[in-house]
Amino acid sequence: MAAEIEQLTRLVLAWAWLVAWIRLAPALGCAGVLVLMAPAVMVLAWNMLEPALLRRRAFVAHYLRPEGWLWRLLSRRLLLSLWQILKAMVLVAVILVAALQWSGWMLLLLAGDLLLALLLYRLLLRFLERQARTEVAGILARRLLVRVNFLLLIPAVTLGQLLTGHTDYRPLGWSGTLDLALSQVKVGCDLLAPWVRAGAGQEAIAWRLMQLGMEGISNQYLALAAWFLFLLTSTLALWGWSRLLAGALIDRLGLAFLAGKPGNG
């Protein structure tokens, strides 16, 4: 039970990090944004590095000769680690930009997702511990958790967007749509602000295009299907959120694997 409580605490901290960003963004300068991003980037990079190292070690061990230069090159992890950190930085930025446009029901949904993610992880881990070596069972469980949690979040978020109200941009015109969208998002960091404004403007324009297009569809089932497909397109932030949760669940065996300690690959 102590392990489950510790894992749930780490998941709650991930959710609290997201809420803190939404609350602090208007007043947070670029230095503050970088400080806030740092733990999330580290956790995401861990999550990305686990399967990447697993694939590389399997390739090196089974297909390359130890005396070859390619074996020596791929046995080093610096470039691979830097690449995962770069990807993690981009994904964290995507989460931060998207989160500024999330409403209260979305945060409540993600709070409920914490319990679901923990339950899924425990079930996946219990299954994989009987199928895989101890030192890699957790890695495989966290990798599967990202995909399963992501696939469960997509229809839940899409349904939530369909059932909740949204601004009707049709009477505003294109300029009015952009003005309204940009007035609703504020961020203190000048480096991140253009990305935030671009994201808000793009979403508002897409919503207005969709709302105008719906006027030409008389069949309500076709209109509902069109809305559903439209809402499915904005999912990258949910993928990043699922990775963040999976990374927060890393255990001592996973950390030992990343550190390359003897007996862990």
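**View 1. Helices H5 and H6 pass each other in a right-handed crossing.** In this predicted model, local features need pLDDT of at least 70 and side-chain atom pairs count only at pLDDT 80 or more, while totals for chains, interfaces and linings use all residues. Residues are numbered from 1 along each chain as its sequence is written, and side-chain values use heavy atoms, with hydrogens and water left out. The pair here is H5, residues 104-128, and H6, residues 134-163, whose axes come within 9 Å and cross at roughly 150°. Axes are lines fitted to C-alpha atoms, for helices over the stretch in contact, and angles run from 0 to 180 degrees between N-to-C directions. As for handedness, left-handed says that the near helix is turned anticlockwise from the far one by less than a right angle, and right-handed says clockwise. Sorted by class, the contact of H5 with H6 has 21 nonpolar, four polar and two charged residues. Here Ala, Val, Leu, Ile, Met, Phe, Trp, Tyr, Cys and Pro count as nonpolar, Asp, Glu, Lys and Arg as charged, and the others, Gly among them, as polar.

**View 2. Helices H4 and H10 make a left-handed crossing.** The axes of H4 and H10 come within 9 Å, crossing at roughly 120°. From H4, the contact (heavy atoms within 4.5 Å) takes in Leu-91, Val-94, Ile-95 and Ala-98. On the H10 side sit Leu-236, Ala-237, Trp-239, Gly-240, Trp-241 and Arg-243. By class, that makes eight nonpolar, one polar and one charged residues.

**View 3. The largest nonpolar core has 61 residues.** Such a core is a set of buried Ala, Val, Leu, Ile, Met, Phe, Trp, Tyr and Cys residues joined through side-chain atoms within 4.5 Å. Buried stands for under 20% relative accessible area, exposed for over 50%, and partly exposed for anything in between (1.4 Å probe, protein chains only). Trp-17, Leu-18 and Trp-21 have the most contacts inside this core. Helices H1 (2-24), H2 (30-63), H4 (78-99), H5, H6, H8 (193-214) and H10 (236-248) each give two or more residues. H5 gives the most, with 11 residues. Zoom in on Trp-21 and, leaving out residues up to four places away in sequence, you'll find it touching Leu-28, Val-33, Leu-36, Leu-96, Ala-99, Leu-100, Val-187 and Leu-192.

**View 4. Ser-242 sits in helix H10, and Val-90 in helix H4.** Ser-242 counts as buried because its relative accessibility is 1%. Beyond its neighbours within four places in sequence, Ser-242 is in contact with Val-146, Asn-149, Phe-150 and Leu-153. Val-90 has a relative accessible area of 45%, so it is partly exposed. The C-alpha atoms of Val-90 and Val-41 are 8.8 Å apart, although 49 residues separate the two along the chain.

**View 5. Helix H11 covers residues 252-259.** Its buried residues are Gly-254, Ala-256, Phe-257 and Leu-258. Just after H11 comes Gly-260, with a positive phi of about 75°.

**View 6. Zooming back out, the protein chain has 11 helices and zero strands.** These elements are DSSP runs numbered from the N terminus, with helices (H or I) of at least four residues and strands (E) of at least two. Of the chain's 265 residues, 43% are buried.
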